[in-house]
Number of protein chains: 2
Amino acid sequence: MGENVAIVGVGHTKFGVRNDVNMPELAWEAIKQALMDAGLEQKDIEYVVVSNAGGWSSEPLPAVVIAEYSGLAPKGTVRVEAACASGSAAVKLAHDIVASGHVDIAMAVGIEKMNESPTPTVVEFIGRAGNYFWEFHNFGLTFPGYYALYATAYMDKYGATEEDLCKVAVKSHYYGARNPKAQFQKEITVEKCMASRYIAWPLKLFDCSPITDGATAVIVANEKVAKELTDTPVWIAGIGHATGTSNLSKRTTFTSLEAGTLAAELAYKKAGIDMDDPTKVIDVAEVHDCFTIAEILAYEDLRFAKRGEGVKLVREEQTYIGGKIPVNLSGGLKAKGHPIGATGEGMIAELTNQLRNKVEKDRQAPIKNGYALAHNIGGTGHYAYITILSLSKPRR
Amino acid sequence: MGENVAIVGVGHTKFGVRNDVNMPELAWEAIKQALMDAGLEQKDIEYVVVSNAGGWSSEPLPAVVIAEYSGLAPKGTVRVEAACASGSAAVKLAHDIVASGHVDIAMAVGIEKMNESPTPTVVEFIGRAGNYFWEFHNFGLTFPGYYALYATAYMDKYGATEEDLCKVAVKSHYYGARNPKAQFQKEITVEKCMASRYIAWPLKLFDCSPITDGATAVIVANEKVAKELTDTPVWIAGIGHATGTSNLSKRTTFTSLEAGTLAAELAYKKAGIDMDDPTKVIDVAEVHDCFTIAEILAYEDLRFAKRGEGVKLVREEQTYIGGKIPVNLSGGLKAKGHPIGATGEGMIAELTNQLRNKVEKDRQAPIKNGYALAHNIGGTGHYAYITILSLSKPRR
């Protein structure tokens with residue numbers, strides 16, 4: 001399986017409305033943090049993968065604008081897009097070039113400035129993210145509408161309620177309130193969530209992740225370099241990836257994301273984790289809660305709960321610290337924010353710091369087995385990338 | 001250096017105005033050819049990298065639309081953009097995942113349907129490809145304008161003339177006329193080129209590559225699979241990549257593309273090719289002639305000629321078959337066409353067939369040493385990807 005690959009540095013800006021900086025300035029905030037974290041300089045980085053869904057920036061070549069501004073040029077670069085999973089795809093591609101032995105050190109940089117565009121532009125862009133021709137143009141579905149279909153199917157089949165969905169949001173805001181980098185740092189109640197306006201029934205405002213600006217960075221290195229740089233390399237133990245049909249009309253189920261399920265199986269297999277109960281091994285996870293229903297589907301697709309029992313984890317508060325498996329201690333997409341292209345590296349940066357016991361004490365997971373999992377979905381299960389991190393060097 | 005990686009199948013649609021098909025249909029034409037060429041089925045492909053600069057398609061997630069339509073889902077996919085070098089970046093990333101040992105077979109698919117948008121949209125998009133804020137917005141430079149700066153600098157320093165530039169176009173059209181996949185299949189004369197209207201002085205209409213629709217595909221596999229599939233694997237012997245400054249105002253020279261020069265050095269080093277005279281080893285090359293001046297700069301950046309002497313190769317017709325090194329026997333971007341995201345895989349598909357002695361006889365290079373080189377530039381030297389192919393298995 002080529003070289004072992006470890007994360008040696010991460011960066012994560014404050015998420016939110018970031019009109020205080022332009023696009024390359026925002027990226028540099030994250031890049032600088034990651035370089036300092038790794039103890040590296042720009043010249044040490046041999047290849048740069050930039051994740052950015054774009055569509056709203058006036059710069060069509062964000063990767064070269066960032067490479068020049070951040071002093072990373074003349075090293076090779078590329079921009080990647082896997083919708084909201086772009087960031088995890090970027091980490092995967094940076095992983096591959098290091099695993100191949102062709103470079104020692106590579107970087108993934110995630111960036112999105114969604115507030116550069118007026119809201120209708122953002123809403124239209126995201127609404128097209130699926131199949132434009134059939135589902136957006138012909139039926140007028142918006143992005144919350146896509147996930148609302150999943151929510152109603154799940155509620156119908158398993159008896160989940162709108163209150164259950166709101167409980168997911170309450171947890172996200174609980175931990176977001178403890179994360180200085182989160183867009184929303186205020187706790188909410190089920191009542192407040194239930195009283196918020198409908199965006200696409202049954203999803204209300206507090207069921208939806210926000211429009212966010214942010215940048216994130218992850219530096220990966222091979223074993224030799226990683227051991228020179230740090231005593232606590234965080235190894236990439238397994239990556240799984242899968243693609244769902246473009247048209248939701250061709251999906252076989254609306255109570256799970258098939259690509260998420262498949263990517264999880266692939267990632268567990270690569271990492272050598274028993275699929276019967278991955279929560280025995282995984283200490284902490286970040287999952288793609290673009291909407292509250294998505295977090296519940298993620299529990300089941302990841303086998304943290306049996307089919308139909310994801311909602312029980314919510315009711316029993318089993319995904320808070322101290323429960324069966326703590327999830328989204330960052331605040332998740334819901335409260336930390338969701339700057340599309342930066343979300344994946346943001347999950348992986350958060351989990352790297354969780355494994356290093358380096359996040360704020362009141363949201364630090366107990367690290368027992370040293371495994372963490374990032375579940376990152378693009379579109380409505382159009383892309384799925386799952387990344388398993390470990391404090392133990394991968395078995396070969 | 002991980003696993004050896006070979007090209008085992010290529011596909012290349014007719015380039016031109018392709019209003020006869022929609023985007024996924026066009027992609028499938030190339031994918032089907034590549035699968036048949038390799039003797040593989042969709043289920044055999046383990047990861048798909050789609051190169052597409054986009055900006056004009058109504059589908060913001062082309063990779064998933066193509067994956068569903070072509071039967072490649074549920075395998076993992078991602079879209080990449082490196083401006084006009086997107087296709088070579090896609091091949092590089094497909095190469096990396098195979099070289100890393102994590103999959104046996106991967107595919108790069110290039111696609112662009114530029115004629116879906118009205119011409120002013122295309123011209124604006126390309127004009128932004130560099131640094132939007134400083135150079136497009138503040139100074140109003142268009143894309144031909146950027147390369148015109150290089151043309152005037154080269155003409156001033158080395159005494160090249162507009163007729164010299166036209167001679168490049170004459171060669172492109174000569175070979176394009178012999179390539180059934182080319183957008184333009186008519187020969188032209190220096191007189192006809194000289195009489196064409198100025199787009200950005202000194203560049204005239206016939207100095208410029210056209211707006212093109214097209215799709216291309218390249219399947220790569222590791223050594224074990226490649227040897228099972230074919231008696232003539234075409235090995236990827238070396239890849240070089242580099243990034244130029246976003247702002248042309250920060251370049252140190254206008255008579256070469258620094259990123260192209262650097263990427264060439266890296267690629268030659270990886271492939272073990274003597275940089276003093278690479279034409280001793282390389283039998284045939286495709287270079288990035290988005291404008292005629294760019295082909296001359298490429299000769300020098302690639303060390304096919306000394307600085308200032310690229311124009312001599314043109315005057316002496318040394319880049320026709322029978323000369324020092326045949327270049328752009330496909331017709332190049334100029335006559336074969338330049339569907340941005342598909343150009344890189346198109347170059348590599350062409351060279352794969354050249355090395356296999358499988359192109360039309362009147363444009364087939366004599367294959368002596370078994371090396372071929374693809375030089376693919378994004379923007380005005382913003383991205384550079386150089387890929388060296390070989391009939392001999394790479395030395396380890």
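Which helix of chain B holds B:Ala151? In this predicted model, B:Ala151 is found in helix H6 of chain B, which covers residues 143–158. B:Ala151 has 26 other C-beta atoms within 10 Å and is therefore buried, the cut-off for a buried residue being 20 or more. Leaving aside residues up to four places away in sequence, B:Ala151 touches B:Leu165, B:Pro202, B:Leu203 and B:Ile293. B:Phe136 lies 15 residues from B:Ala151 along the chain, and the C-alpha atoms of these two residues are separated by 19 Å.

**Helix H11 in chains B and A**

B:Ile293, one of the residues that B:Ala151 touches, is also among the buried residues of H11(B). This helix, residues 292–301 of chain B, is mostly covered, with 10 of its 10 residues buried. Among them are B:Thr292, B:Ala294, B:Glu295, B:Tyr299, B:Glu300 and B:Asp301. The buried residues of H11(B) pack against H6, helix H7 (162–176), H10, helix H12 (310–315), helix H13 (332–336) and strand E10 (371–378) of chain B. After H11(B) comes B:Arg303, whose phi is positive, near 65 degrees.

In chain A, the axes of helix H7 (residues 162–176) and helix H11 (residues 292–301) come within 8 Å and cross at roughly 90 degrees, and H7(A) and H11(A) are therefore roughly perpendicular to each other. On the side of H7(A) the contact is made by A:Leu165, A:Val168 and A:Ala169, and on the side of H11(A) by A:Thr292, A:Ile293, A:Glu295 and A:Ile296. By class, this contact of H7(A) with H11(A) has 5 nonpolar, 1 polar and 1 charged residues.

**Chain A as a whole**

Chain A has 14 helices and 11 strands. Its radius of gyration is 19 Å, close to the 21 Å that the globule rule gives for 396 residues, so chain A is as compact as a globular protein of that length. Taken along the principal axes, the C-alpha atoms of chain A fill a box of roughly 55 × 45 × 40 Å. Of the 396 residues in chain A, 65% are buried, and among contacts between residues at least 6 apart in sequence, 78% join residues at least 24 apart.

**Strand E4 of chain B and the strand pairings**

Strand E4 (residues 105–113) of chain B is mostly covered, 9 of its 9 residues being buried. B:Ile105, B:Met107, B:Val109, B:Ile111 and B:Lys113 point one way from E4(B), whereas B:Ala106, B:Ala108, B:Gly110 and B:Glu112 point the other way, and all are buried.

| Strands | Sense | Bridges |
|---|---|---|
| E2(B), residues 47–51, and E4(B) | parallel | 4 bridges |
| E4(B) and E7(B), residues 213–222 | antiparallel | 9 bridges |
| E3(A), residues 76–81, and E3(B) | antiparallel | 3 bridges |

**Where the chains meet**

Overall, 50 residues of chain B are in contact with 50 residues of chain A. The elements that give two or more residues to the side of chain B that touches chain A include helix H2 (62–69), helix H3 (86–99), strand E8 (234–243) and helix H10 (258–271) of chain B. E3(B) gives the most to this side, with 6 residues. The residues of the side of chain B that touches chain A divide into 24 nonpolar, 17 polar and 9 charged.

Note on methods:
Residues numbered from 1 in each chain as written. Chains lettered and ligands numbered in written order. Predicted model: local features only at pLDDT ≥ 70, side-chain atom pairs only at ≥ 80, totals over all residues. Axes fitted to C-alpha atoms, helices over the stretch in contact; angles between N-to-C directions. Parallel < 35°, antiparallel > 145°, perpendicular 65-115°, else oblique. Contact = placed C-beta atoms within 7 Å. Nonpolar A, V, L, I, M, F, W, Y, C, P; charged D, E, K, R; others polar. Rg over C-alpha atoms; globule rule 2.2 N^0.38 Å. Buried ≥ 20, exposed ≤ 12 C-beta atoms within 10 Å, placed from the backbone. Pairing = 2+ DSSP bridges.
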